[in-house]
Amino acid sequence: MINRIVVGAGYGLTDWIAQRATAIIMAVYSVLMAAVLLVVRPGTFEAWQGVFANGVIKFLTFLFFVSLFYHAWIGVRDIWMDYVKPTGLRLTLHVVTIAALVGYTAWAAAILWRL
Amino acid sequence: MAEMTIKKRPKNLDLTTIRLPLPGKVSILHRVSGAGLFLCFPVMLWLFGASLGSPESFATFKAVAGMLPVKVILAGLLWAFVHHFCAGIRFLLLDVHVGIEKEAARQSAAVVFAVSIPLTLVLWGVLL
């Protein structure tokens, strides 16, 4: 067996596929939401809040956020792996990145389900 | 035991002298825009939360989003999103082997800029 260098990533296709799947989800959501906003044209607070209070939009928006944060994890992890050489520092940055993204996920859920 | 045939290849990693071809520029800007968006997640989440919280927080959101420094940041984030979006679609097409020949790849890189820059300006006009 070859000496495996610890880089702090999985070694399969999962992340590669997840990066693309989340990208497609976000692209579809963005186009869909642009269309919804063009039709509804929410100019006031009530109208704007009403858009996201809709159950389907709320679900899709949360799906978008989860996709966004998973996608960001893979991309940011790749940046740390490319530029940060000391293993300890790199793995610390990985942990900080995950912690931030998990926190953002809860934050997004709180924003949406307060409505 | 195989002979050691690793040759010392010429290497140039001096960023000040490298001239990236257009697809290289799309690629590095994809990374830069992604990193910028990541760093600004808290700003965007805060603005999103304020816009949806209450009539009072919505008014705060409008006031904050209207401040010049915030507008500049939002314009940058808008470009980052649009570039990342357009370049991302190009990468997805390359993944399924659409336009992987050198000439086609150069042309699609030019298309990314030709779409992302005007689209950013249009959205800027609509949103900001």
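Predicted model: local features only at pLDDT ≥ 70, side-chain atom pairs only at ≥ 80, totals over all residues.

The entries below follow the order in which I looked things up.

I began with H1(A), which has 27 residues and reaches 38 Å from its first C-alpha to its last, close to the 39 Å expected at 1.5 Å a residue. I then asked which residues of H1(A) are buried. I found A:Thr22, A:Ala23 and A:Met26, and the buried residues of this helix pack against helix H3 (55–83) of chain A together with H4 of chain B.

Just after H1(A) I came to A:Arg41, which takes a positive phi of about 45° although it is not a glycine. I placed A:Arg41 in the loop between helix H1 (14–40) and helix H2 (45–53) of chain A. Is A:Arg41 buried or exposed? It counts as exposed, because I find 8 C-beta neighbours inside 10 Å, and the cut-off for exposed is 12 or fewer.

The axes of H1(A) and H4(B) come within 11 Å and cross at roughly 130°, which makes H1(A) oblique to H4(B). H1(A) passes H4(B) in a left-handed crossing. On the side of H1(A) the contact is made by A:Arg20, A:Ala23, A:Ala27 and A:Ser30, and on the side of H4(B) by B:Phe85, B:Gly88, B:Ile89, B:Leu92 and B:Asp95. Sorted by class, I have five nonpolar, two polar and two charged residues in this contact.

How many residues does each chain give to the contact? I read 17 residues from chain B and 17 residues from chain A. On the side of chain B that touches chain A, the elements giving two or more residues are helix H1 (22–39), helix H2 (41–53), H3 and H4 of chain B. The largest share of that side, six residues, comes from H2(B). By class, the residues of that side divide into 11 nonpolar, four polar and two charged.

H1(B) passes H5(B) in a left-handed crossing. The residues in contact are B:Leu22, B:Pro23 and B:Val26 of H1(B) with B:Ala105, B:Arg106, B:Ala109, B:Ala110 and B:Val112 of H5(B), and they divide into seven nonpolar, no polar and one charged.

I found B:His97 in the loop between helix H4 (68–95) and helix H5 (102–127) of chain B, with a phi near 65°, a positive value in a residue other than glycine. B:His97 is exposed, with 8 other C-beta atoms within 10 Å. I found B:Met67 in the loop between helix H3 (55–65) and H4 of chain B, and this residue counts as exposed with 11 C-beta neighbours inside 10 Å. From B:Met67 to B:Leu78 I noted 11 residues in sequence and 16 Å in space, C-alpha to C-alpha.

How values were computed. Residues numbered from 1 in each chain as written. Chains lettered and ligands numbered in written order. Helix = DSSP H or I, 4+ residues; strand = E, 2+ residues; numbered from the N terminus. Buried ≥ 20, exposed ≤ 12 C-beta atoms within 10 Å, placed from the backbone. Axes fitted to C-alpha atoms, helices over the stretch in contact; angles between N-to-C directions. Parallel < 35°, antiparallel > 145°, perpendicular 65-115°, else oblique. Left-handed = near helix turned anticlockwise from the far one by under 90°. Contact = placed C-beta atoms within 7 Å. Nonpolar A, V, L, I, M, F, W, Y, C, P; charged D, E, K, R; others polar. Expected span 1.5 Å × (residues − 1).
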